[in-house]
Amino acid sequence: MMISSIAPNTYIQSAAPVTAPAASQPKAAAEQSAQPQITDTLSQTQGEAPQIASRSMLQALTQPSVGAKAEGLSQSAAAAEVEAAGGVMSDDEVAAACNKIAVSGAPIAERTESIMELLAPAVERTESPDPTWEKATPAQLKLFVAETLEHIDGLRAIGDLRGLDFSHHDMEEGCGKFHPQVAQFLALPGRNDAVKWGIAKHNGAHHHDIWKDPNASKEDLAESASDIVNAWRMERPVYSKPSWSWEKVMDVINSQFEDNIISSVQRDALYEAIPFQMEYEQSRA
């Protein structure tokens, strides 16, 4: 199937090879945006021009922290988790409590406040592999939490559309994004040693680890591919990255395949993820 362009309401019917679309931006720009082998969605989100945060990000960041009904709900949710743990929580307990709040179904603003009450102090006290590394500030952490919630919500919904279970996406035990050891650095922009360490720890998650497996099938890579496509399409204030157009998404996939950065199986998995991302976006329009 030949695709010359792709629009948000257009569905790819086949994972057969395609050619790069006649995009409005030069191919060189897409190649510059393409990173080495995709092992984490952070690899596709750094170094972009600053942009306005998405509506849910702005809602989370501008939510009143005192006196609002949502804040009261946030405090009770976080307090309940601390009480259940019997006081100071371990990093693993904090991550588990944050994950529970993350899937509670409350608005992103409320969940962000609840998680911040648990995660911010945990990040401050968690052990760093290098005492000289700066940790994310509370402001950076809050932006990261809100963005992660938006991404998790998207992947859970896309999993439902695909008839697959993505319910633990980015909330894996020991390496999820709400684990204090991961969040302390993954909430930082850039790619210094601390961020690289955080990426490596988070890459212990199955959907990242299997992406690097040369023997993985297209079906094995379904969650990994949806993760990547969703991240490309998101506005990601944490990494100063705007949403990518569908033309750019296709340009990057095709150029990375042509340059032997991704395999034909990885390429086809990304193609197959696109119509589900489109359907998800249309359901939210």
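**Entry 1. Overall make-up**

I counted the secondary-structure elements and found twelve helices and zero strands in the protein chain. Helices here are DSSP runs of H or I with at least four residues, strands are runs of E with at least two, and both are numbered from the N terminus. The order of elements from the N terminus reads α-α-α-α-α-α-α-α-α-α-α-α.

I noted that this is a predicted model, in which local features need pLDDT of at least 70 and side-chain atom pairs count only at pLDDT 80 or more, while totals for chains, interfaces and linings use all residues. Residues are numbered from 1 along each chain as its sequence is written, and side-chain values use heavy atoms, with hydrogens and water left out.

I then looked up burial: 51% of the 285 residues of the protein chain count as buried. Buried means under 20% relative accessible area, exposed means over 50%, and partly exposed lies in between (1.4 Å probe, protein chains only). I also looked up contacts, which are heavy atoms within 4.5 Å. Among contacts between residues at least 6 apart in sequence, 71% join residues at least 24 apart.

**Entry 2. Helices α6 and α10**

Two packed helices are described by the angle between their axes and the distance between the axes. I examined α6 (residues 138-162) and α10 (residues 222-233), whose axes come within 10 Å and cross at roughly 130 degrees. The axes are lines fitted to C-alpha atoms, for helices over the stretch in contact, and the angles run from 0 to 180 degrees between N-to-C directions. α6 and α10 are therefore oblique to each other. On this scale, angles under 35 degrees count as roughly parallel, over 145 as roughly antiparallel, 65 to 115 as roughly perpendicular and the rest as oblique.

I listed the residues in contact: α6 contributes His151, Gly154, Leu155, Ile158 and Arg162, and α10 contributes Ala222, Glu223, Ser226, Asp227, Asn230 and Ala231. Sorted by class, this contact of α6 with α10 holds four nonpolar, four polar and three charged residues. Ala, Val, Leu, Ile, Met, Phe, Trp, Tyr, Cys and Pro count as nonpolar, Asp, Glu, Lys and Arg as charged, and the others, Gly among them, as polar.

**Entry 3. Helices α11 and α12**

I turned to α11 (246-258) and α12 (residues 264-284), whose axes come within 10 Å and cross at roughly 170 degrees. α11 and α12 are therefore roughly antiparallel to each other. On the α11 side the contact is made by Trp246, Val249, Met250, Ile253, Asn254 and Phe257, and on the α12 side by Ser264, Arg267, Leu270, Tyr271, Ile274, Gln277, Met278 and Glu281. The residues of this contact of α11 with α12 divide into nine nonpolar, three polar and two charged.

**Entry 4. Aromatic rings**

I searched for aromatic pairs, meaning rings of Phe, Tyr and Trp (its six-membered ring) with centres within 6.5 Å; planes under 30 degrees apart count as stacked, over 60 as edge-to-face and the rest as tilted. The count came to three aromatic pairs. In one of them, Trp133 and Phe185 have ring centres 5.5 Å apart and planes at 85 degrees, so the pair is edge-to-face. Trp133 is in the loop between α5 (108-125) and α6, and Phe185 is in helix α7 (residues 180-186), 52 residues apart.

Is Phe185 buried or exposed? With 0% relative accessibility, Phe185 counts as buried. Phe185 also pairs with Trp197, with ring centres 5.8 Å apart and planes at 90 degrees, so this pair is edge-to-face. Trp197 lies in helix α8 (residues 193-202), so the pair ties together parts twelve residues apart in sequence. Trp197 itself counts as partly exposed, at 28% relative accessibility. I recorded that Trp133, Phe185 and Trp197 form one aromatic cluster.

**Entry 5. Single residues**

I looked up Phe144, which is found in helix α6 and is buried, with a relative accessible area of 1%. Leaving aside residues up to four places away in sequence, Phe144 touches Lys177, Ala183, Leu186, Ala187, Val238 and Tyr239.

Asp170 has a positive phi of about 60 degrees although it is not a glycine. Asp170 is in the loop between α6 and α7 and, at 0% relative accessibility, counts as buried. Ser240, also not a glycine, has a positive phi near 50 degrees. Ser240 lies in the loop between α10 and α11 and is partly exposed, with a relative accessible area of 29%.
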